[in-house]
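Open your viewer and follow along, one selection at a time.

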Amino acid sequence: MAKIPKKVLTLAFIRRDDQILLGRKKRGFGEGKWNGFGGKVDLDETISDAAVREVREECGLLVTNLKKLGVIDFEFVGDPVILNVHVFSTVDFTGNVTESEEMSPQWYKVHEVPFEKMWKDDPHWFPYMLDNKKFNAYFLFEGHEKIISHWIKEVESLDE
Ligand SMILES: CNc1ncnc2c1ncn2[C@@H]1O[C@H](COP(=O)(O)OP(=O)(O)OP(=O)(O)O)[C@@H](O)[C@H]1O
């Protein structure tokens with residue numbers, strides 16, 4: 001059996017009072033969509049180190065105490081690569097929010113998250129993440145706008 005290639009990605013959310021920091025992606029994969037901050041894990045770093053680095057690169061904040069809340073696998077019809085996205089959240093950060101070449105950041109009230117301008121999977125798992133519940137999920141996309149099937153479940157713990 002051929003091994004299915006998995007691409008490990010991070011996705012981090014920063015919370016402050018009743019707000020969450022999102023960024024509008026200015027280029028590349030998911031351009032135009034609002035999302036958390038994240039990207040590919042480099043060869044020489046852990047997943048959580050990558051999450052910290054991507055937040056700093058994309059919105060200027062230095063985050064600590066990232067908690068892993070979810071692991072989501074995304075598959076796209078016709079593409080053998082599975083995106084293995086590790087979702088983190090924290091309330092601890094220093095620095096000032098700054099726009100980067102990749103992201104235009106903005107604080108949103110948690111009940112005013114702009115799901116219509118986000119990935120279609122987000123409304124399914126955001127409630128778990130916003131409640132600090134741990135979860136595993138899978139989404140099969142056709143193109144970038146249509147979910148063909150998915151599952152999501154709350155879990156006690158997540159592996160690395
Ligand atoms: C399909 N449904 C999805 N729903 C929600 N979020 C999704 C997602 N699919 C990918 N993501 C996130 O989108 C970012 C892409 O990052 P991406 O630009 O590819 O990585 P990175 O910044 O390393 O790329 P550069 O090579 O620097 O352009 C990264 O946070 C990743 O977790």
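**Stop one: the ligand**

Select the ligand and you will find 16 residues around it, with L11, G38, G39, K40 and W119 the closest; a residue is near if its C-beta atom, placed from the backbone, lies within 6 Å. Strand 1 (6–16) and strand 6 (79–90) are the elements that give two or more residues to this shell. Helices (H or I, at least four residues) and strands (E, at least two) are DSSP runs, numbered from the N terminus.

Now colour the shell by class: 8 residues are nonpolar, 5 polar and 3 charged. Here Ala, Val, Leu, Ile, Met, Phe, Trp, Tyr, Cys and Pro count as nonpolar, Asp, Glu, Lys and Arg as charged, and the others, Gly among them, as polar.

A word on what you are viewing: this is a predicted model, where local features need pLDDT of at least 70, side-chain atom pairs count only at pLDDT 80 or more, and totals for chains, interfaces and linings use all residues. Residues are numbered from 1 along each chain as its sequence is written.

**Stop two: K153**

Next, select K153 in strand 10 (residues 146–154). Is K153 buried or exposed? K153 counts as exposed because it has 10 C-beta neighbours inside 10 Å; the cut-off for exposed is 12 or fewer, for buried 20 or more, with partly exposed in between. Show F135 and N136 too: K153 touches both, leaving aside residues up to four places away in sequence.

**Last stop: the whole chain**

Zoom out to see 2 helices and 10 strands, running β-β-β-α-β-β-β-β-β-α-β-β from the N terminus. The C-alpha atoms fill a box of roughly 50 × 35 × 35 Å along the principal axes.

Conventions:
Contact = placed C-beta atoms within 7 Å.
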